[in-house]
Each structure stands twice: as structure tokens, then as C-alpha cells.
Amino acid sequence: MMCSVRQSTAILTVSDLSKSRPNAPTSQSRLSLLSPVSIAKGPNFGLSARKPLYISSLQGFRSFEGERPRNSVNECKAYEADRSDPIDANVEIPDQTARSAAAQKLKIGIYFATWWALNVVFNIYNKKVLNAFPYPWLTSTLSLATGSLMMLISWATRIAETPKTDLEFWKTLFPVAVAHTIGHVAATVSMSKVAVSFTHIIKSGEPAFSVLVSRFLLGETFPVPVYLSLVPIIGGCALAAVTELNFNMTGFMGAMISNLAFVFRNIFSKRGMKGKSVSGMNYYACLSMLSLLILTPFAIAVEGPQMWADGWQRALSQIGPNFIWWVAAQSVFYHLYNQVSYMSLDEISPLTFSIGNTMKRISVIVSSIIIFHTPVQPINALGAAIAILGTFLYSQAKQ
């Protein structure tokens, strides 16, 4: 290969300069070689360039996949540019970026579909268990214990990579675990008292808590559209609560406390986990284990083994062996849906995650109404729709 270069001897090497078709229309591809390049490919092929390389012409390039005739000469004329401009080359380059973006979108779509499906299944089995066994503190403890056991087995069998943690990691994780524990128990208490759909309608108001806490406790300010998006969220939740046929104050307050706790969980996560090289899956596993240690003594104090034993016997006599399957299913699916959600957060922006969380609530509300035949008045459905729409508008305005 011969190369003609002005100012200094240089030969261009671009790995993607392939599939240039004879007689194909010329396409202007813009390349940028802004870093120093140095390559050697045989006695007649050397490259040394300290400045951006500008291609002035290419002659005789053929497809690298086909066989080149002997004695054919490929000539590349180039010179080093004085400033960092993109390089113009009359070469067709395969659009690797487009294919990579499509694969990423497919991966995120699979994550979202799996996340929503697992969450729907968890809520169904969780409500079945709570209807027959109204002990939300033990139910919450079993969910965390099952997830912790699953991850310990995964680490021991090398199915999942064991996270590298230190004392500082667990210190920063502790306030996150406290908030997660409170939010988890409060949501379970809520679902033990009211319909699943009602709990999730109230929990769709979490963005309002996020803005209010950030504004009054952290001193953060937001654009006007963010504040305006809170109007339909608060109004929709209030309308849904007022028109709820099976309204229960304990259930309502449980959902509200859960909203507040998860807001603090998110704040502590952002502040404490910056720079920690722990994957989303392992991060949630560590969070579950620490939450389990925090929750267990409180669950024993509030409900106690005697109440659990009596309730368990009653549930088995009413439901039969299927009750054990329900408990196992709600515990496993609770961990799986949270794990997938944290894995999704590794791949997407917080805005996309927020939108996905909103759509998740829609799927849970609709599916629970259908499966449990929850009576819904038109005005109640309107309130739910307004609240969810407000949540979506919030995610857009926050961006």
C-alpha cells in the first residue's frame, strides 16, 4: 500500500473502513481521529501521526472480504490537520452504532417487560397471602429472607459474582436499608387493609413527596412545570381516596408512609452510593440482607411467634397446601422484581426508570382489579387516571 502525506509521513488505519462497494454511490462519512495514532502492519505499512489526519482522497479501495487482484495498488492521500476537525473520507462505514443502539433498546425492553410481569405476579400472590394470613410484618420479613437466601446461594455457587464490599460500603448502605425497610413494611401493611389497586394509586403520588422533601428539607428548587405537575398527582390521589368504596385509614396511611420512606431511600442512595462499584443486582442483594437484620427484631416484637403460629394453622385449614405455595411465590417474586428493577437502573437514565415505574403501576392496578374483581366507580377510576397522568407529566418536567 502506498500513502502520500503532506507535512509528515503517515498512513491511515481505520478498522471500520470496510465494505466499500465498487460503483456504489459515494457517501460522505465523517470520522474523527483526535488522539495520537501509531500502527505498524508489515514493512510497507507504518503510521505515526500526532495531529488529526485529514483524508484528501482514496483510490483503488476494494472490499476487504473479497480477494484483491495481485499488483493492485490502493492509494490513500492524507495530511495532518492544524486543528481538530472531523476527517472527511469518501468511504462507506457500516453503521455499528445503529445496531448497538437497537440491541440496547431490545435489552431495556426485555428488562421492563420482565420487571412489570414479576411485579404483577408478586402483588397478586402477596394479596392472596395477606387475605388468608393478615400478618404483614412476618410477610415482609419472609420476602427479604427469601431474597437474601437466593443471593447467598448464587454467590456460593458462583452463579453471580460476589460483590467486593468494605465497612464504609455498609455504613453508607445503612440509612438506605432503614428507609427501604420502613417503606416495604408500610406498603405491605397498606395492602393487608385495602385493595391492591388503591395502594398503588396512592403510591403513584411518590413524586409529590420527592419534590416536597427536596424543596423544604434539602433546599432544592425545581422549574415551574415540575411544581405544576404535582397538581394532577395530588388531585387525582385525593379524588381516588375520597371515592374509594373500601377506604381504610390504616391502609391509606401505610401507603403514604411508604411513599415518604422510599423518597428518603432514593436520596440516601444517591448520596451514599456514588463511586461504589457494585452492580445493581448485588446492590439490591446487600440492601435486602441489611434490611432483614433491621426488620426481624421489630417483626417479632410487633406480632410474635405465637400469633404467627396460630395464623398459619388457620390459613392452612382454610386454604390447604396451596397456601405454602402462595407464601413461597410472593417471597420469590418480590425479590426477583426488585432485582430486575435495579438491573434496569444500571442500563437506563433515572427519567426512563421513572416512566417505567409509572407504567408498572398501571399494569398492577388494572390486573389486580380484574383478578380480585375490585369494585371501581367511574369517578374513582378518573381519579386514578389523573394521578398516573400527573406522574408521567412529572417525569417529563423533571427532565
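How many salt bridges does the count come to by the rule of a side-chain nitrogen of Lys or Arg within 4 Å of a carboxyl oxygen of Asp or Glu? The count comes to one salt bridge.

The views show a predicted model, in which local features need pLDDT of at least 70, side-chain atom pairs count only at pLDDT 80 or more, and totals for chains, interfaces and linings use all residues. Residues are numbered from 1 along each chain as its sequence is written, and side-chain values use heavy atoms, with hydrogens and water left out.

**Figure 1. Overview of the protein chain.** The protein chain has 12 helices and seven strands; these are DSSP runs numbered from the N terminus (helices, H or I, at least four residues; strands, E, at least two). Of its 399 residues, 45% are buried, where buried means under 20% relative accessible area, exposed over 50%, and partly exposed in between (1.4 Å probe, protein chains only). The accessible surface comes to about 21,000 Å², and carbon and sulfur atoms account for 62% of that surface; areas come from the Shrake-Rupley method with a 1.4 Å probe, and for residues only the protein chains shown count as cover. Among contacts (heavy atoms within 4.5 Å) between residues at least 6 apart in sequence, 84% join residues at least 24 apart.

**Figure 2. The salt bridge between Glu206 and Arg361.** Side chains of opposite charge can pair when their charged atoms come close. The side chains of Glu206 and Arg361 meet at 3.9 Å, N to O. Glu206 belongs to helix H5 (residues 206-216) and Arg361 to helix H11 (residues 350-372), so that the pair links distant parts of the chain, 155 residues apart. Both Glu206 and Arg361 are buried.

**Figure 3. The crossing of helices H1 and H3.** The axes of H1 (residues 96-132) and H3 (residues 167-193) come within 9 Å and cross at roughly 65°. Axes are lines fitted to C-alpha atoms, for helices over the stretch in contact, and angles run from 0 to 180 degrees between N-to-C directions. The crossing of H1 with H3 is right-handed, a term for a near helix turned clockwise from the far one by less than a right angle. Asn123, Asn126, Lys127 and Leu130 of H1 meet Thr188, Met191 and Ser192 of H3. The residues of this contact divide into two nonpolar, four polar and one charged; Ala, Val, Leu, Ile, Met, Phe, Trp, Tyr, Cys and Pro count as nonpolar, Asp, Glu, Lys and Arg as charged, and the others, Gly among them, as polar.

Figure 4. Apart from neighbours within four places in sequence, Ser154 contacts Ile159 and Ala160. Arg158 is exposed, with a relative accessible area of 72%. Although Arg158 is not a glycine, its phi is positive, at about 65°.

**Figure 5. His373 and Val376 in the loop between H11 and H12.** His373 counts as exposed at 66% relative accessibility, and its phi is near 50°, a positive value in a residue other than glycine. Val376 is partly exposed, with a relative accessible area of 36%. Leaving aside neighbours within four places in sequence, Val376 is in contact with Ile369 and Ala381. A separation of 9.8 Å lies between the C-alpha atoms of Val376 and Ala240, which are 136 residues apart along the chain.
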